Amino acid sequence: MSTVDMRDVQRGSAEMIVLALLEERTRHGYELAKLIESQSGSKLQFHVASLYPMLYRLERKNLVEGKWVEKAGERRRRFYKLTPAGRHALEEHRRTWREFVAVLNGLTGFSHA
């Protein structure tokens, strides 16, 4: 097991959520924000003002690819999809979280609570 840096866990959690939701299919930012809110029972909320900068950052890192789509009668939207590098990053995030949770369980007995 590798060393888990708390800063990496915290920083990567929001990124992991977005990448995981893009694993299934392409989505636009507003849809991602609403999906996070609904699937977390409103316990997590990503405001569009912070979500889009994250998507742009993920795009610059080549983890997602954005494409503008125009549909008749609707406003133009940017849809994002996971890249192969994004799939690899998502697996790394998941591995880090599994290790973190295992360590947390060992230290706190949390899994037995």
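Colleague: Which residues does His-93 touch, not counting those up to four places away in sequence?

Modeller: In this predicted model, His-93 touches Gly-12, Glu-15, Met-16 and Leu-19. His-93 itself has its place in helix α4, residues 84-108.

Colleague: Why is His-93 called buried?

Modeller: His-93 has a relative accessibility of 15%. Buried means under 20%, so His-93 counts as buried.

Colleague: What makes the pair of His-93 and Glu-15 a polar contact?

Modeller: The side chains of these two residues are joined at 2.8 Å. A polar contact calls for N or O atoms within 3.5 Å, and the contact between His-93 and Glu-15 is listed at 2.8 Å.

Colleague: Could you give me the overall layout? How many helices and strands does the protein chain have?

Modeller: There are 4 helices and 3 strands. Read from the N terminus, the elements run α-β-α-α-β-β-α. The protein chain has 113 residues, and 32% of them count as buried.

Colleague: Let's turn to the aromatic rings. How many aromatic pairs are there?

Modeller: The count comes to 2 aromatic pairs. Tyr-52 and Tyr-56 form one that is tilted, with 6.2 Å from centre to centre and 35° between the planes.

Colleague: Why is the pair of Tyr-52 and Tyr-56 called tilted?

Modeller: Planes under 30 degrees apart count as stacked and those over 60 as edge-to-face, so the rest are tilted. The planes of Tyr-52 and Tyr-56 are at 35°, and their pair is tilted. Both residues lie in helix α3 (residues 48-60), 4 residues apart, about one turn of the helix.

Colleague: And what makes Trp-97 and Phe-100 an edge-to-face pair?

Modeller: Trp-97 and Phe-100 have 85° between their planes, with centres 5.4 Å apart. Over 60 degrees counts as edge-to-face, and that is how this pair is described. Trp-97 and Phe-100 both lie in helix α4, 3 residues apart, about one turn of the helix.

Colleague: Why does Phe-100 count as buried, and Trp-97 as partly exposed?

Modeller: Buried means under 20% relative accessible area, exposed means over 50%, and partly exposed is in between. Phe-100 has 16%, so Phe-100 is buried. Trp-97 has 26%, so Trp-97 is partly exposed. By that rule Tyr-52, at 21%, is partly exposed, and Tyr-56, at 38%, is partly exposed.

Colleague: How do you know that Leu-51 is buried?

Modeller: Leu-51 has 0% relative accessibility and therefore counts as buried. Leu-51 has its place in helix α3. Leaving aside neighbours within four places in sequence, Leu-51 is in contact with Val-18, Gly-29, Leu-32, Ala-33 and Phe-46.

Colleague: How far apart are Leu-51 and Gly-29?

Modeller: These two are 22 residues apart in sequence and 7.0 Å apart in space, C-alpha to C-alpha. Gly-29 is one of the buried residues of helix α2 (residues 29-39), which include Leu-32 and Ala-33.

Colleague: What comes just after α2?

Modeller: Just after α2 comes Gly-41, with a positive phi of about 65°.

Methods:
Residues numbered from 1 in each chain as written. Predicted model: local features only at pLDDT ≥ 70, side-chain atom pairs only at ≥ 80, totals over all residues. Heavy atoms only, no water. Helix = DSSP H or I, 4+ residues; strand = E, 2+ residues; numbered from the N terminus. Buried < 20%, exposed > 50% of the residue type's maximum accessible area, 1.4 Å probe, protein only. Polar contact = N/O pair within 3.5 Å; in protein donor to acceptor, adjacent residues only side chain to side chain. Contact = heavy atoms within 4.5 Å. Phe/Tyr/Trp six-rings, centres within 6.5 Å; stacked < 30°, edge-to-face > 60°.
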